[in-house]
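Hello,

Here is the structure I promised to hand over. Please open it first, then read my notes below.

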Amino acid sequence: MSRSPIDRLEPTGAFTAGPSARGSVAVVDAPDGGYVDSADLEQREAGSGIDVRLRVLSQSEVPDLARHAPECIILWHRISLTAEFFALNSSCRAVVCASVGHEHVDTEAARASGVAVYHVPDYGVDEVADHTLALALTCVRRVRELDAHVRGGGWEWRRAEGIRRLRGSTWGVVGCGRIGQAVARRAGSFGMRVAFYDPYVHPGTEKAHGWSRLWSLHDLLAASAVVSVHVPLTPETAHLLDRAALETLAAGAVLVNTSRGAVVDEEALRGVLDEGRPGAVALDVAEHEPGVAAWLREHPRVLLTPHSAFYSVESMAELRCRSARAAAQVLRGEPVTAAVRVV
């Protein structure tokens, strides 16, 4: 998205609401984010009496934001709010993460300083689930390679030799929350058996849906033709798929990650790919994004998309509207129903 020059000219000093405003909101994005090019939609959703402005900031400008903060911040994920921000902050009382994840906010520091943090965990469930299936099917059916073959002048069906039928094979879901369950339902429509690993999901989920529940991650990886990952990034899930886990993948399996890049140990992944397992990897996220390791870009069995699984015209509008509605609810002292409180 392009921004008009005025968007970069928002003052970096005090955030002063108009005389009739009952509260102030900053929509904070990074120069390389491009999620918002105008705060008009957020202003309409917040309604009269609340002053909403777009602030496009580098990370180095965050301390100044803290010193002159609005009452509420809508935060896009390329900017982090660290303990330093909360130590300097004197006026911001709520942060709404315009995202499912909230690891870019120091929630412990926010809690200690009395700042409420919200996120929007369910806005893009369909989009991420659809994207997961698209990545997996592209790998399983070798769409990219066959397309390149035809574009190169070929027309030989034998280039597809070795592709296996999906029906009757197992799709393994790591993390059976909203997105994991949406993916599982879609996989089931292809006639696949669904198994999942999630020690925190409610007992009986497997019975309600007719899925198999495995209590060992390694057992799930070994049993699945396709594995998709749908967990938040926490200290517990960082490098959840480490070398030991990746080595249990079935030879030829497809691994899809549309959650967070650091859930997969990329150096370990490089080693197991060089050894021939898994058969293909599809990543919508990278461990050090927006930077992507050169070997990932160049590997013939790696399919990459730029953290775009969340996106559709509808999901982006929903996320922006719900974030603005949540900010307005905070400022008006209403119950916050548009987002979920983290702390």
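Glu 108 and Arg 111 form a salt bridge, with their closest N and O atoms 2.8 Å apart. By salt bridge I mean a side-chain nitrogen of Lys or Arg within 4 Å of a carboxyl oxygen of Asp or Glu.

Before going on, two notes on the source. This is a predicted model, in which local features need pLDDT of at least 70 and side-chain atom pairs count only at pLDDT 80 or more, while totals for chains, interfaces and linings use all residues. Residues are numbered from 1 along each chain as its sequence is written, and side-chain values use heavy atoms, with hydrogens and water left out.

Back to that pair. Glu 108 and Arg 111 sit three residues apart in helix H5 (residues 107–112), so about one helical turn separates them. Helices (H or I, at least four residues) and strands (E, at least two) are DSSP runs, numbered from the N terminus. Glu 108 is exposed, at 53% relative accessible area. Arg 111 is partly exposed, at 44%. The cut-offs are these: buried is under 20% relative accessible area, exposed is over 50%, and partly exposed is in between (1.4 Å probe, protein chains only).

The salt-bridge rule gives a count of 16. Arg 78 pairs with Asp 32, with 3.5 Å between the closest N and O atoms. This pair links distant parts of the chain, 46 residues apart. Arg 78 is in the loop between strand E3 (72–75) and helix H4 (83–88). Asp 32 is in the loop between strand E1 (23–29) and helix H2 (40–46). Arg 78 is partly exposed, at 28% relative accessibility.

Arg 213 and Glu 206 also form a salt bridge, again with closest N and O atoms 3.5 Å apart. Both of these residues are buried. There is a network too: salt bridges link Asp 122, Glu 318 and Arg 322.

Now the domains. The assignment gives domain 1 (23–123 + 312–341) and domain 2 (125–304). These bounds come from an automatic or database domain assignment. The C-alpha centres of the two domains lie 32 Å apart.

How many residues of each domain are in contact across the interface? On the domain 1 side there are 11, and on the domain 2 side seven. Contact means heavy atoms within 4.5 Å. The domains bury about 680 Å² between them, 47% of it on carbon and sulfur atoms. Buried area is the accessible area (1.4 Å probe) that two parts lose on being put together, summed over both.

The rule finds one salt bridge across this interface. The side of domain 1 that touches domain 2 has three nonpolar, four polar and four charged residues. Here Ala, Val, Leu, Ile, Met, Phe, Trp, Tyr, Cys and Pro count as nonpolar, Asp, Glu, Lys and Arg as charged, and the others, Gly among them, as polar.

The side chains of Arg 260 and Glu 103 meet in a salt bridge (2.6 Å, N to O). Arg 260 lies in the loop between strand E10 (254–257) and helix H12 (266–274). Arg 260 is buried, at 18% relative accessibility. Leaving aside neighbours within four places in sequence, Arg 260 is in contact with residues including Val 100, Gly 101 and Val 231.

Best wishes
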